[in-house]
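Subject: Structure handover

Hello,

Here is the structure to look through. My notes follow below it.

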Amino acid sequence: IKRSFSSTSALNRQINSVTVIGSGLMGSGIAQVTAEAGYSVYLVDQNDTALNKALKTIETSLTRSTKKKFNKEPDHAVRYIKDTMDRIVTTTKVDAGAEKSDLIIEAIVENIQAKHDLFSKLDKISPNTTIFTSNTSSLPIAEIAEAVSRKDKFGGLHFFNPVPVMKLLEVIKTHETSDATYRTLLEYGLSIGKTTVECKDTPGFIVNRLLVPYMFEAVKMYERGDASFQDIDTAMKLGAGYPMGPFELIDYVGLDTTKFIVDGWKKRFPEDPTFQSSVVIDQLVAEGRLGRKSGEGFYNYK
Ligand code: CAA
Ligand code: NAD
């Protein structure tokens, strides 16, 4: 059955139902692109406020993308949005989807203990055929997989923000991920229209291992007083052709997530001068200025 209007999407034979846990910036986007590809999706978070916000974000994003896609067929746009939204079931009960899903994508807070607690619970309630994945930005997948016994069915699916727009998916295999699991993850990536790249299970994989040190070099430059953060952003956009300057990007990723990433790496590699925390970021996070998602970070979005 062709359940999606997208010509690039095709249902993955191994996977019908997907549970996405964490409905924030990333989880909402992952649920959206997965539902657009025709999968049925359970989207899980800790409370209804977060889930309702996620549904709103998804609807806005679909409205935006379908405007162009179906600009001569507004009826198709309406149907496409409805069909996609109908494939997403939101719930605060992690068991609801875990018991039925073939694939679980974790996108909760970047904290190893929280991820271990979640996966150890999931390992008990999910069928033993269910594949587990994490969207972690910075933690080794094998370390997250320590909480489960199905290590052959555990891999990394690292998406980029905004998920509906960014075309890349990093697909990560640990030394224990089976070839069959890895193939299924690659097929899933293609079925949602992403270009996949492979990378060893190293902290930050490809993109973040390059991007995060760049963002922190920019913050250090600002802390030294070499230039204003606005001018650093203008310089990198107009002088290097980046779509966003580093401070806009930190605001976009979330200052809390950026802080979790670098704090974790600093602990892991204490001798490496690349991974030093930032006074300015620590202070902004303490003030609750987490970037776009909280309405204020380096810039004000209110
Ligand atoms: N949903 C759907 N469509 C969206 C969207 C969303 N959330 N956000 C933007 N778009 C669409 C717009 O509708 C527009 O589409 P058309 O071209 O078809 O009209 C297109 O994307 C461009 O959007 P805008 O014109 O509004 O703005 P822009 O040109 O500045 O692009 C951007 C926005 C795509 C976010 C661009 O600024 C960009 O690429 N920024 C860098 C993002 C980036 O580097 N992300 C990676 C962060 S690191 C990470 O994710 C990993 C990690 O672990 C931390
Ligand atoms: P976010 O703060 O926007 O959302 C996290 C969501 O997870 C929140 O809604 C929170 O309520 C929920 N949550 C926390 N613990 C939970 C639990 N135990 N069960 C269910 N829900 C729970 O964060 P985000 O930016 O979406 O990041 C999520 C993950 O994706 C992190 O591991 C992050 O490193 C990674 N990531 C982030 C980006 C980015 O640009 N922000 C990009 C790629 C990967």
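Domain bounds here come from an automatic or database domain assignment. For this protein the assignment gives domain 1 (17–199) and domain 2 (208–294). The C-alpha centres of domain 1 and domain 2 lie 26 Å apart. Seven residues from domain 1 and ten residues from domain 2 make the contact between them (two residues are in contact if their C-beta atoms, placed from the backbone, lie within 7 Å).

This is a predicted model: local features need pLDDT of at least 70, side-chain atom pairs count only at pLDDT 80 or more, and totals for chains, interfaces and linings use all residues. Residues are numbered from 1 along each chain as its sequence is written, while chains are lettered from A and ligands numbered from 1 in the order in which they are written.

On confidence, the protein averages a pLDDT (the predictor's confidence in each residue, from 0 to 100) of 94, and 96% of the residues score at least 70. Over residues 1–10 pLDDT stays under 50. The model has an ipTM of 0.97 and a pTM of 0.95.

Now the ligand. Ligand 1 is surrounded by 18 residues, of which the closest are Ser-61, Ser-137, Asn-161, Pro-162 and Pro-243 (a residue counts as near if its C-beta atom, placed from the backbone, lies within 6 Å of the molecule). Domain 1 and domain 2 both give residues to this shell, so ligand 1 lies between them. Helix α2 gives the most to the shell, with four residues (helices are DSSP runs of H or I, at least four residues, numbered from the N terminus).

Regards

Definitions and conventions:
Helix = DSSP H or I, 4+ residues; strand = E, 2+ residues; numbered from the N terminus.
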